[in-house]
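The tour below goes from one selection to the next.

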Amino acid sequence: MLLFTDGLTSGQPYALEKAAALRMDGADLFAIGTGEADKAFLERMAGDPERVLFAATGDVAKAFRDAEELLFRKSAKGTASRLTLGGVLNRAGAWAIVGLVLGIAQGLAMRSGKKVFHGLLGGLLGGLIGGALFDPIVMLVEAEWLSQLLGLCVLGLLIGVLIGITERLLRDAWLHVTAGPLAGKQFVIYRNPTVFGSSPKADVYLFKDLRVEPRHAALHTTAQGYVLEDLGTRAGSWVNGKRVTKQRLRPGDTVQMGGYVFAYAEKEKRRVAASART
């Protein structure tokens, strides 16, 4: 609601009483003054110095437009600041679906059921948590563009982190690169077989090493465990310093292909199951 006044309105208790009653009823009041209107009186009328606008003679329309713009900004800010459980749950649910889709995309590209499941679970959890935090972040940061940017960054980070944690918790076997261009990287075994080679189409792409052939070796999942097979290469595939054609891997084994060296590991329950079968 807009209250238009001039220099003659100052000191009217009825106007102040009426304005106070309107504010009590939840009305948003803006006071527009012209001429020599009393600023202190207008502030008491509006209840907020920011809601007092002055118009130059003959330019009252601009003051009304300014009041309308200010009212819209405050209304939008007030709406954003009203954090409700329903709103948070709706946002979390929507982003959980986005996280789910992002999570399974890589698994589908790799045609790996395990990767799809890990991505689905991690993406779902990451999107759910990130979506729930989005509105509180927007509330805490006043700049709208910055708050949305931070919210999206946190959301993306959580989706990625939760996918990684899920993969780590649910993995059965993995190879940690201890030497070579990819030193420090870890490969979780998803596909059966998992092919190692210098071809970009290999499941584990080993580049920058002329001793590694396009299809160098394959890791097979069997009832007894994981078996490494050399695919007839000249440089060979090595396990614990011994050249092998086929070799079942055990935790702690060292695997070498060209200049790449891997440390093999697997989950405890898989070791127990494999030992029981043998």
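What follows is a list of stops, each with something to select and a note on what is there.

**Before starting**

This is a predicted model, in which local features need pLDDT of at least 70 and side-chain atom pairs count only at pLDDT 80 or more, while totals for chains, interfaces and linings use all residues. Residues are numbered from 1 along each chain as its sequence is written, and side-chain values use heavy atoms, with hydrogens and water left out.

**Stop 1: the whole chain**

Show the protein chain as a cartoon; there are seven helices and 14 strands. Helices (H or I, at least four residues) and strands (E, at least two) are DSSP runs, numbered from the N terminus. Of the 278 residues, 38% count as buried. Buried means under 20% relative accessible area, exposed means over 50%, and partly exposed lies in between (1.4 Å probe, protein chains only). The chain exposes about 15,900 Å², and carbon and sulfur atoms supply 60% of that area. Accessible areas come from the Shrake-Rupley method with a 1.4 Å probe; for residues, only the protein chains shown count as cover.

**Stop 2: a five-stranded sheet**

Select β6, β7, β8, β9 and β12: they form an open sheet in the order β7-β6-β8-β9-β12, with mixed pairing. Two strands pair if DSSP finds at least two bridges between them. Strands of a sheet pair through backbone hydrogen bonds, either parallel or antiparallel. β7 and β12 (246–248) stand at the edges with a single partner strand each, so one side of each has no neighbour in the sheet.

Now go through some of the pairings:

- β6 and β8 are antiparallel, with three bridges; T194 stands opposite L219 in β8.
- β8 and β9 are antiparallel over six bridges and form a hairpin with two residues between them. A218 has E229 in β9 as its bridge partner.
- β9 and β12 run antiparallel and are joined by three bridges. Here E229 has K246 in β12 as its bridge partner.

**Stop 3: L219**

Which strand holds L219? L219 is found in β8, and its relative accessible area of 0% makes it buried. Display what surrounds it: leaving aside neighbours within four places in sequence, L219 is in contact with residues including L175, I189, R191, F196, Y226, L228 and L249. Contact means heavy atoms within 4.5 Å. For a distance check, the C-alpha atoms of L219 and K246 are separated by 9.5 Å, and the two residues are 27 apart along the chain.

**Stop 4: the nonpolar cores**

Select F196, L206, L219, L228, M257 and F262, the residues with the most contacts inside the largest nonpolar core, which has 22 residues. At least two residues of this core come from each of β4 (173–179), β8, β9, β13 (254–257) and β14 (260–266). A nonpolar core is a set of buried Ala, Val, Leu, Ile, Met, Phe, Trp, Tyr and Cys residues joined through side-chain atoms within 4.5 Å.

Centre on F196 next. Beyond its neighbours within four places in sequence, F196 is in contact with residues including L175, V204, L206, L219, M257 and F262. Another core, of six residues, lies apart from the largest one, and L16, F41, M45 and V52 are among its members.

**Stop 5: the salt bridges**

How many salt bridges does a search of the whole structure find? It finds three. A salt bridge is a side-chain nitrogen of Lys or Arg within 4 Å of a carboxyl oxygen of Asp or Glu.

- Select R191 and D203, whose side chains meet at 3.0 Å, N to O. R191 is in the loop between β5 (186–188) and β6 (194–197), and D203 is in the loop between β6 and β7 (204–205), twelve residues apart. R191 is partly exposed at 23% relative accessible area, and D203 is partly exposed at 28%.
- Select R211 and D209, with their closest N and O atoms 3.4 Å apart. D209 counts as buried at 11% relative accessibility.
- Select R234 and E213, with their closest N and O atoms 3.7 Å apart. R234 is in the loop between β9 (225–230) and β10 (237–239), and E213 is in the loop between β7 and β8 (217–222), 21 residues apart. R234 counts as exposed at 76% relative accessibility, whereas E213 counts as buried at 18%.
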